[in-house]
Amino acid sequence: MARKILLSHELGSNIFTRKTVSALFEKTNSIKEAEIIFDFSDIKFISRSCADEYLKQKEKSNKTIIERNMSHEVCSMFNVVKTQYEK
């Protein structure tokens with residue numbers, strides 16, 4: 001069964017630092033469940049550098065990470081970073 005993590009409780013509503021994202025994945029990778037649901041409800045902002053760090057950490061993680069309830073603004077930032085990877 002998947003473990004659900006409400007990111008606003010873990011990180012607040014704005015995500016500004018790579019260190020915050022790294023700490024989140026450190027904690028997540030130590031959880032016994034193989035599937036993790038990150039609930040982005042109430043996350044209003046993620047910086048470009050944090051979105052980049054998130055995607056890098058997700059790629060390295062041994063967990064299956066599923067995102068839920070991502071706002072348009074947050075989703076757009078992830079898309080900007082993904083587009084840069086494709087270039």
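Rings of Phe, Tyr and Trp (its six-membered ring) count as a pair if their centres lie within 6.5 Å; planes under 30 degrees apart are stacked, over 60 edge-to-face, and the rest tilted. This is a predicted model, where local features need pLDDT of at least 70 and side-chain atom pairs pLDDT 80 or more, while totals for chains, interfaces and linings use all residues. Residues are numbered from 1 along each chain as its sequence is written, and side-chain values use heavy atoms, without hydrogens or water.

Now the rings. The whole structure holds seven aromatic pairs. F40 and Y54 are edge-to-face, because their ring centres are 5.9 Å apart and their planes stand at 70 degrees. F40 sits in the loop between β3 and β4, and Y54 in helix α3, 14 residues apart (helices are DSSP runs of H or I, at least four residues, and strands runs of E, at least two, numbered from the N terminus). Both F40 and Y54 are buried, where buried means under 20% relative accessible area, exposed over 50%, and partly exposed in between, with a 1.4 Å probe and protein chains only. F40 also pairs with F78: centres 6.1 Å apart, planes at 90 degrees, so edge-to-face again. F78 lies in helix α4, 38 residues from F40. Ring pairs join F25, F38, F40, Y54 and F78 into a cluster.

D42 counts as exposed, because its relative accessibility is 52%.
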